[in-house]
Amino acid sequence: MSRPTGRVLTLLELLQSGGTRTVAELADRLGVEGRTVRRYVDQLIDLDVPVESVRGRYGGYRLAPGYRLPPLMLSDDEALAVLLGLVAGRRAGLTTAERTASETASAKIRRVLPKRIAHRLDTLMEALAFTDQPGEFETPDAGVLLTIADAVRHHRPVSIRYTDRDGRRSERTLHAYGIVTHAGRWYVTGKDARIGEDRTFRLDRIAGARTLPGSFEAPVGPGPAERVLSGFATAEYRHEVTLRIHGTVEQIRARLPAGVASLEEYESAAGEDRATERWLRVELRAERLDWLPAVLASLDRPFVIERPDELRDLVIALADRLTSCAADPDREQPMS
């Protein structure tokens, strides 16, 4: 690569880092005179890179929005960060387009990586292990995601075409408060204008979205993420469970996070440390109860089951099985 061409690409990289760069600053970084900087800028403009000049005391050059993406200059560390982000996003299911878009983006970056960086990346990927399975979730439509994000920012109502978990389709007007990612899925939370209540919707179940005239006031109080977790904890499922657990908030939340259970924290007495152990009321809803006895056992904290009786029976059955296994060390284990 000739030195002038290399300097033009360096100029592009400097401009892509953001902000306005003065001619003097660019000339110093490139090791050339000011008129040479202007010539390099003209070359970028000839390549359809949207460089604009800024007049005034603090003027210079900066990148402006263009009709197409200009060549993107990434440092070694930036390229590695982008590739690892694409890998992590695919595994977590947090992609916003077809899987092929993520794969082709990764391939384009890998093709132009210097050999030493590509080797470092391959070494990292060989040494990297994940404790969970790759995400296989449905991805939201990018157009829907961007439309709703714009409605959130400008507090505008948005009409969505939604299909619920039972396959029922409906069109709703939503006052969207925010977009939240949780457990590999994208959600939007807001007020359903038809019923006047807060609701949470999966973005991959929204077939279309369009912004409507008007505006709304964003509510005060919990943020979007807290609203989504609270909605999960109080969703309508088959069983309503109420417990009292003796422990700290941190101990309980380690096994029953906010997306699973709501926790009633009592006011601390004067001078009492909120991290001290005390009885706390825990409520959750579940379609099945068979997973709860093991979770309660793993808490290793005193607990009382207020409801339902079926959960109490399941806990007793688990305790009996554990006692039986521990009492007879010569008992044969079932063949797998």
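Modeller: What follows starts with the chain as a whole, turns to the sheet, and ends with some other parts.

This is a predicted model, in which local features need pLDDT of at least 70 and side-chain atom pairs count only at pLDDT 80 or more, while totals for chains, interfaces and linings use all residues. Residues are numbered from 1 along each chain as its sequence is written, and side-chain values use heavy atoms, with hydrogens and water left out.

The chain has 336 residues, and 32% of them are buried. Buried means under 20% relative accessible area, exposed means over 50%, and partly exposed lies in between, with a 1.4 Å probe and protein chains only. The secondary structure comes to 11 helices and 11 strands. Helices (H or I, at least four residues) and strands (E, at least two) are DSSP runs, numbered from the N terminus. Of the contacts between residues at least 6 apart in sequence, 61% join residues at least 24 apart; a contact means heavy atoms within 4.5 Å.

Now the sheet. It is open and has 5 strands, in the order β6-β5-β4-β3-β7, with antiparallel pairing. Two strands count as paired if DSSP finds at least two bridges between them. Strands of a sheet pair through backbone hydrogen bonds, either parallel or antiparallel. At the edges stand β6 (197–202) and β7 (206–211); each has a single partner strand, so one side of each is left without a neighbour in the sheet. From one strand to the next the twist averages 45°. Axes here are lines fitted to C-alpha atoms, for helices over the stretch in contact, and angles run from 0 to 180 degrees between N-to-C directions.

Within this sheet, β4 (residues 169–182) and β5 (residues 185–192) run antiparallel and are joined by 8 bridges.

Helix α7 (residues 142–154) lies across β3 (158–163), β4, β5 and β7, and runs at about 40° to β7. The loop between α7 and β3 holds His-155. The phi of His-155 is near 55°, which is a positive value in a residue other than glycine. With a relative accessible area of 32%, His-155 is partly exposed.

Strand β3 contains Ser-159. Is Ser-159 buried or exposed? Ser-159 is buried, because its relative accessible area is 5%. Leaving aside residues up to four places away in sequence, Ser-159 touches Glu-171, Arg-172, Gly-208, Ala-209, Arg-210 and Leu-212. With Glu-171 there is also a polar contact of 2.9 Å between the two side chains. A polar contact is a pair of N or O atoms within 3.5 Å; within protein, one must be able to donate a hydrogen and the other to accept it, and residues adjacent in sequence count only if both atoms are side-chain atoms.

Another pair of strands is β1 (residues 51–54) and β2 (residues 60–63), which run antiparallel and are joined by 4 bridges. Val-54 stands opposite Gly-60 in β2. The hairpin of β1 and β2 has 5 residues between its strands, and Gly-56 takes a positive phi near 110° there. In the loop between α3 (34–46) and β1 is Asp-48, a residue other than glycine with a positive phi near 70°. Asp-48 counts as partly exposed, at 38% relative accessibility.

Last comes helix α11. The loop between β11 (303–307) and α11 (309–327) holds Pro-308, and the peptide bond from Arg-307 to Pro-308 is cis, with omega near 0°. α11 has 19 residues and reaches 27 Å from its first C-alpha to its last, close to the 27 Å expected at 1.5 Å a residue; the expected span is 1.5 Å times one less than the number of residues. Leu-311, Val-315 and Leu-318 are buried in α11. Seen down the axis of α11, its buried residues fall within an arc of 60°, so they line one face of the helix; the arc is that of the directions from the helix axis to the C-beta atoms. They pack against β8 (239–247), α10 and β11. On the face turned away from the buried side, α11 carries the exposed residues Asp-309, Thr-323 and Ala-327. Helix α10 (residues 292–299) includes Ala-294, which is partly exposed at a relative accessible area of 47%. Ala-294 and Leu-314 are 20 residues apart in sequence and 9.7 Å apart in space, C-alpha to C-alpha.
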